[in-house]
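Here are some notes for a first look at this structure.

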Amino acid sequence: MSRLGDTIRGARLKKAMTPKALAKKCGVSESFIVEVESGRRIVSDDQAQRILKVLGVDNPVSTELEVASEPEVKLRPAPRPYVLPVDRPEKKPASEEPAAAPTDAWLDALGGVVKRVPIMGMDGVVVDHRLLPVIGGKIEGGNPEKVLYYRCPDDSMRGFRIHPGDLLLTIPAPSAMDDAIMVLEYKGKRLVRKVRKQEGGKLMLQHYDREFVGEVVSVRDVLIIGRCVRLEATL
């Protein structure tokens, strides 16, 4: 269970609310609340703040995307090649011995700054992880603790050259961004859509399978998970 899940469950029990009752007030499914409390579901800052506000939590804990705690994995040093011994006429003093070859520059740059990034399915459950380097304290400009992969489940975005099984590297976004491919939650489902801003607090969610479809919805009905910045296709 995560810190956020502990906080939500404790506050809910204090108010004598069932997961179903809390889910109804927050506009999500009962299974969503159960998975958040157990730490099996990743939630955005907006989602966490909405739930905590309904529960009346005055001093919420950090709402960073929380998964079961995963240790950072450091790369092992590159093995040194075996060199056949040769006869030498005499052994040089230690002070005259040549310095050891330096470690490859890329290994020095990545050592100790590699992050296991979760791969999330459409149900919000982490199904796998991938190692990515952290450069300048960021992954593709995003907080390493909040970056995730979204695995596309179907053909709904193939018109945008995104196919089933493709991985979309997603970084946090506080709100919808015009003309961006974004991972979002709508009607209780995690989706990837191209977003276009409309007047009057509306968004057009675009997808393209066999034909182009643009659904206009209220900003209040959509929870933004993040912006997709890189696609990794499967062969």
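1. A helix axis here is a line fitted to C-alpha atoms over the stretch in contact, and angles between N-to-C directions run from 0 to 180 degrees. The model is predicted. In it, helix H1 (residues 3-14) packs against helix H4 (residues 45-55) at an angle of about 25°, and the two axes lie 10 Å apart. Angles under 35 degrees count as roughly parallel, so H1 is roughly parallel to H4.

2. The crossing of H1 past H4 is left-handed. On the H1 side the contact is made by Leu4, Thr7, Ile8, Ala11 and Arg12. H4 contributes Ala48, Ile51, Leu52 and Leu55. Sorted by class, the contact of H1 with H4 has seven nonpolar residues, one polar and one charged.

3. Which strand is mostly covered? That is strand E7 (residues 202-208), where five of the seven residues are buried.

4. Strand E6 (residues 189-198) and E7 run antiparallel and are joined by five bridges. Lys194 has Gln206 in E7 as its bridge partner. The hairpin of E6 and E7 has three residues between the strands, and in this hairpin Gly200 takes a positive phi near 75°.

5. E7 also pairs with strand E8 (residues 212-218), in the antiparallel sense and over seven bridges. Three residues lie between E7 and E8, and the two strands form a hairpin.

Notes. Residues are numbered from 1 along each chain as its sequence is written. This is a predicted model: local features need pLDDT of at least 70, side-chain atom pairs count only at pLDDT 80 or more; totals for chains, interfaces and linings use all residues. Side-chain values use heavy atoms; hydrogens and water are left out. Helices (H or I, at least four residues) and strands (E, at least two) are DSSP runs, numbered from the N terminus. Angles under 35 degrees count as roughly parallel, over 145 as roughly antiparallel, 65 to 115 as roughly perpendicular and the rest as oblique. A crossing is left-handed if the near helix is turned anticlockwise from the far one by less than a right angle, and right-handed if clockwise. Contact means heavy atoms within 4.5 Å. Ala, Val, Leu, Ile, Met, Phe, Trp, Tyr, Cys and Pro count as nonpolar, Asp, Glu, Lys and Arg as charged, and the others, Gly among them, as polar. Buried means under 20% relative accessible area, exposed over 50%, partly exposed in between (1.4 Å probe, protein chains only). Two strands pair if DSSP finds at least two bridges between them.
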